Amino acid sequence: QVQLVESGGGSVQSGGSLRLSCAVSGYTWSSFTMAWFRQAPGREREGVATINNAGTTMYSDSVKGRFTISQNNALNTVYLQMNSLRPEDTAMYYCAADNRAWPWTSWLLRPTPYNYWGQGTQVTVSS
(Lines give C-alpha, C1' and ligand atoms only; values in the text may rest on other atoms or scores of the structure.)
Protein backbone atom coordinates (compact mmCIF):
# COMPACT_ATOMS: atom_id res chain seq x y z
CA GLN A 1 0.00 0.00 0.00
CA VAL A 2 1.47 3.33 -1.07
CA GLN A 3 1.71 5.88 1.71
CA LEU A 4 2.81 9.51 1.61
CA VAL A 5 3.62 11.34 4.83
CA GLU A 6 4.35 15.07 4.83
CA SER A 7 6.30 16.95 7.48
CA GLY A 8 8.04 20.27 7.99
CA GLY A 9 5.13 22.68 8.05
CA GLY A 10 4.84 25.43 10.63
CA SER A 11 4.49 29.13 11.20
CA VAL A 12 6.96 31.64 9.82
CA GLN A 13 7.13 35.37 9.24
CA SER A 14 6.97 36.91 5.78
CA GLY A 15 10.31 36.53 4.02
CA GLY A 16 11.19 33.40 5.95
CA SER A 17 11.84 29.85 4.76
CA LEU A 18 10.53 26.36 5.37
CA ARG A 19 11.44 22.95 3.99
CA LEU A 20 8.69 20.40 3.55
CA SER A 21 9.41 16.68 3.27
CA CYS A 22 7.28 13.87 1.84
CA ALA A 23 8.28 10.32 2.74
CA VAL A 24 6.91 7.73 0.32
CA SER A 25 6.62 4.04 1.15
CA GLY A 26 5.03 0.88 -0.21
CA TYR A 27 5.91 1.26 -3.88
CA THR A 28 8.33 -0.27 -6.38
CA TRP A 29 7.94 2.17 -9.24
CA SER A 30 10.78 2.73 -11.68
CA SER A 31 9.03 5.76 -13.16
CA PHE A 32 6.82 8.23 -11.36
CA THR A 33 5.69 11.81 -10.98
CA MET A 34 5.63 13.52 -7.61
CA ALA A 35 4.09 16.89 -6.82
CA TRP A 36 3.29 19.40 -4.14
CA PHE A 37 -0.12 21.02 -3.96
CA ARG A 38 -1.62 23.55 -1.58
CA GLN A 39 -5.12 24.49 -0.56
CA ALA A 40 -6.19 27.55 1.37
CA PRO A 41 -9.64 27.74 3.02
CA GLY A 42 -12.35 28.39 0.46
CA ARG A 43 -10.02 27.92 -2.49
CA GLU A 44 -9.33 25.11 -4.95
CA ARG A 45 -6.34 22.85 -4.56
CA GLU A 46 -3.45 24.44 -6.47
CA GLY A 47 -0.42 22.73 -7.97
CA VAL A 48 2.84 24.24 -6.75
CA ALA A 49 5.62 22.07 -8.19
CA THR A 50 6.17 18.68 -9.76
CA ILE A 51 9.15 16.41 -10.41
CA ASN A 52 9.56 13.13 -12.26
CA ASN A 53 11.94 10.22 -11.75
CA ALA A 54 14.39 11.82 -14.20
CA GLY A 55 14.54 14.91 -12.01
CA THR A 56 12.72 17.19 -14.44
CA THR A 57 10.81 19.91 -12.60
CA MET A 58 7.94 22.30 -13.24
CA TYR A 59 6.59 25.15 -11.11
CA SER A 60 3.52 27.30 -10.94
CA ASP A 61 4.09 30.94 -11.80
CA SER A 62 3.15 31.96 -8.25
CA VAL A 63 6.17 30.17 -6.72
CA LYS A 64 8.71 30.13 -9.54
CA GLY A 65 12.05 31.45 -8.33
CA ARG A 66 11.10 31.06 -4.65
CA PHE A 67 10.33 27.35 -4.24
CA THR A 68 12.48 24.37 -5.21
CA ILE A 69 11.30 20.77 -5.50
CA SER A 70 13.87 17.99 -5.19
CA GLN A 71 14.05 14.30 -4.40
CA ASN A 72 16.29 11.79 -2.73
CA ASN A 73 15.50 8.48 -4.39
CA ALA A 74 17.63 6.54 -1.93
CA LEU A 75 15.45 7.84 0.91
CA ASN A 76 12.20 7.76 -1.10
CA THR A 77 11.66 11.37 -0.09
CA VAL A 78 10.57 14.48 -1.98
CA TYR A 79 11.29 17.96 -0.65
CA LEU A 80 9.89 21.43 -1.17
CA GLN A 81 12.26 24.22 -0.18
CA MET A 82 10.23 27.40 0.24
CA ASN A 83 12.06 30.72 0.42
CA SER A 84 10.84 34.33 0.51
CA LEU A 85 7.53 33.17 1.90
CA ARG A 86 4.54 35.49 1.66
CA PRO A 87 1.24 35.59 3.58
CA GLU A 88 -0.52 34.35 0.42
CA ASP A 89 1.52 31.14 0.64
CA THR A 90 -0.48 30.22 3.75
CA ALA A 91 -2.25 26.92 3.07
CA MET A 92 -2.34 23.22 3.76
CA TYR A 93 0.37 21.64 1.63
CA TYR A 94 -0.11 18.16 0.19
CA CYS A 95 2.24 15.70 -1.43
CA ALA A 96 0.95 13.64 -4.37
CA ALA A 97 2.29 10.78 -6.46
CA ASP A 98 1.46 8.71 -9.52
CA ASN A 99 3.23 6.08 -11.60
CA ARG A 100 1.37 6.40 -14.90
CA ALA A 101 3.14 7.70 -18.00
CA TRP A 102 1.54 11.13 -18.28
CA PRO A 103 2.82 13.64 -20.84
CA TRP A 104 5.00 16.31 -19.31
CA THR A 105 2.65 19.31 -19.51
CA SER A 106 1.18 21.88 -17.14
CA TRP A 107 -1.69 19.43 -16.61
CA LEU A 108 0.60 17.79 -14.06
CA LEU A 109 0.03 20.83 -11.84
CA ARG A 110 -3.61 19.84 -11.55
CA PRO A 111 -4.85 17.25 -9.01
CA THR A 112 -6.39 14.93 -11.64
CA PRO A 113 -3.28 12.90 -12.63
CA TYR A 114 -2.46 11.79 -9.09
CA ASN A 115 -3.74 8.63 -7.44
CA TYR A 116 -1.88 8.92 -4.15
CA TRP A 117 -2.04 11.73 -1.62
CA GLY A 118 -0.68 12.53 1.79
CA GLN A 119 -2.65 14.01 4.68
CA GLY A 120 -1.09 17.45 4.41
CA THR A 121 1.03 19.77 6.53
CA GLN A 122 -0.01 23.32 7.45
CA VAL A 123 2.09 26.32 6.45
CA THR A 124 1.22 29.69 7.94
CA VAL A 125 3.02 32.89 6.93
CA SER A 126 2.40 36.01 8.96
CA SER A 127 3.04 39.57 7.78
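Two strands are taken to pair if DSSP finds at least two bridges between them. In the predicted model, strand 7 and strand 8 run antiparallel and are joined by six bridges. These two strands form a hairpin with four residues between them, and asparagine 76, located in the turn, has a positive phi of about 50°. Strand 8 is also joined by six bridges to strand 3 (residues 18-25), again in an antiparallel arrangement. Tyrosine 79 of strand 8 takes part in both pairings: serine 70 is its bridge partner, and serine 21 stands opposite tyrosine 79. Strand 8 is mostly covered, with five of its six residues buried.

A search of the whole structure for cavities of 30 Å³ or more returned one. The largest cavity holds about 60 Å³ of space. Its lining is made up of Val24, Tyr27, Trp29, Phe32, Met34, Gln71, Asn72, Asn73, Asn76, Thr77 and Val78. Strand 7 (67-72) and strand 8 (77-82) are the elements that give two or more residues to this lining. By residue class, the lining comprises six nonpolar and five polar residues, and no charged ones.

Threonine 33 belongs to strand 4 (residues 33-39). Threonine 33 counts as buried because its relative accessibility is 5%, where the cut-off for burial is under 20%. With neighbours within four places in sequence left aside, the contacts of threonine 33 are Thr50, Ile51, Asn52, Ala96, Ala97, Asp98, Trp104, Leu108 and Tyr114.

Note on methods:
Residues are numbered from 1 along each chain as its sequence is written. This is a predicted model: local features need pLDDT of at least 70, side-chain atom pairs count only at pLDDT 80 or more; totals for chains, interfaces and linings use all residues. Side-chain values use heavy atoms; hydrogens and water are left out. On a 1 Å grid over the protein atoms alone, a cavity is a set of points where a 1.4 Å probe fits but cannot get out, and a pocket is an open set with protein on both sides within 12 Å along at least five of seven lines; lining residues have an atom within 4 Å of a point. Grid points are joined across faces, edges and corners, and a volume is the space filled by probe spheres set on the points. Ala, Val, Leu, Ile, Met, Phe, Trp, Tyr, Cys and Pro count as nonpolar, Asp, Glu, Lys and Arg as charged, and the others, Gly among them, as polar. Buried means under 20% relative accessible area, exposed over 50%, partly exposed in between (1.4 Å probe, protein chains only). Contact means heavy atoms within 4.5 Å.
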